[in-house]
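User: I have a structure to go through with you. Please take my questions one by one and keep it brisk.

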Amino acid sequence: MDTNDLPKAIEHVSQGSYEMKTMLQDQNNDYDIDDGVYFDKEDLVGDRGAYMTSLQARQMVRDAMDDGCFKTPPEVRSNCVRIYYSAGYYVDKPVYRRVEEDGAIWFELASSSGWKRSDARDVSSWYEEERNASSDPIQFRRINRHLKKHAKSRNSWKSRSLSGFGISTLLSEQHHLNSDREDEALYYTMVAIRNRLTYNTVIDHPVTPNDTITSGSPDAKAAFFRDKLSEAIDHLAPLFEYGCDRETALKCWDKVFNTTFFIERCESDNESNSALAAPAISSGALLGSAAQAAGAVNDAGGGRHA
């Protein structure tokens, strides 16, 4: 922007799942990084001396990013500028302006509906406060990742399901943590969120008053997420049946996450003839880090596995 004699950004701020440490790796590199760019309002002035509209500000950033090197040119989206990389992932750059009036300072996002009061740092602070206020902040984040992993466990779901921010907000409302049983924590949180969305699919924005994360009532993406949670809960029903053994339980969790990770772990355990003691689903394992994995369920049959 310096080269093009455009307004200088006053700062860049990481936000979203990257900042909240709830980002998931994707085997197809289908994930994004959010990196907000901030300007002073007084610098965002058009050729005729008027303040830039929110669209003009996004277009300015898009033009500055488009140096001709991208296979897919940067794109103006409703609330950001999206930069696509050939590896498959993309970077979203929300555009903000810093407003100062009568000694008060606030920030506004260049959104599709105009300049909207917002600061991504407030969301990051809110998430940390919610996490730290829970009974197990570390498990809170892991359950967040599990829920997001389930929401993206099928390619056909990715564009139809609720955003990660929406899932994090629901988790803050409805979490049922259990430091001794990660499987139970996840199951009962799923049930609570499903029941909450059955009652109401509208999700209020946690830091912006009178704003919502969802669109309309009912919200199609929240309803889709709710329905997939219901399916997952049904998949886990055998865990509550008398005589449910370890292999059955692991297959149930595989069905939830559309993976073979759990049953493969069981087979590996059989080969080594070792029993697992820790009843937990490891987020790291679901992300492909087998070294961090723990057992999904109790190893004894006949018990409850969720």
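User: Which residues does Ala120 touch, not counting residues up to four places away in sequence?

Analyst: This is a predicted model; local features need pLDDT of at least 70, side-chain atom pairs count only at pLDDT 80 or more, and totals for chains, interfaces and linings use all residues. Residues are numbered from 1 along each chain as its sequence is written, and side-chain values use heavy atoms, with hydrogens and water left out. Contact means heavy atoms within 4.5 Å. By that test, Ala120 touches Gln15, Tyr38 and Tyr96.

User: How many Å apart are Ala120 and Tyr96, C-alpha to C-alpha?

Analyst: In sequence, 24 residues separate Ala120 and Tyr96. In space, their C-alpha to C-alpha distance is 9.3 Å.

User: Is Ala120 buried or exposed?

Analyst: Ala120 sits in helix H3. Helices are DSSP runs (H or I, at least four residues), as strands are (E, at least two), numbered from the N terminus. Buried means under 20% relative accessible area, exposed over 50%, and partly exposed in between, with a 1.4 Å probe and protein chains only. Because its relative accessibility is 7%, Ala120 counts as buried.

User: At what angle do H3 and H5 pack?

Analyst: H3 covers residues 120-133 and H5 covers residues 164-174. Axes are lines fitted to C-alpha atoms, for helices over the stretch in contact, and angles run from 0 to 180 degrees between N-to-C directions. The axes of H3 and H5 lie 10 Å apart, and the angle is about 35°.

User: Which residues of H3 and H5 make the contact?

Analyst: H5 brings Phe165, Ser168, Thr169 and Ser172. From H3 come Val123, Trp126, Tyr127 and Glu130.

User: Which residues of H5 are buried, and what covers them?

Analyst: The buried residues of H5 are Gly166, Ile167, Ser168, Thr169, Leu170, Leu171 and Ser172. Their cover includes helix H1 (16-20), H3, H4, H6 and H7.

User: Which residues have the most contacts inside the largest nonpolar core?

Analyst: A nonpolar core is a set of buried Ala, Val, Leu, Ile, Met, Phe, Trp, Tyr and Cys residues joined through side-chain atoms within 4.5 Å. The largest one has 39 residues. Those with the most contacts inside it are Leu147, Met190, Phe225 and Trp253.

User: Which helix supplies the largest share of this core?

Analyst: Helices that each supply at least two residues of this core include H3, H5 and helix H6 (182-199). The largest share is 7 residues, and it comes from H6.
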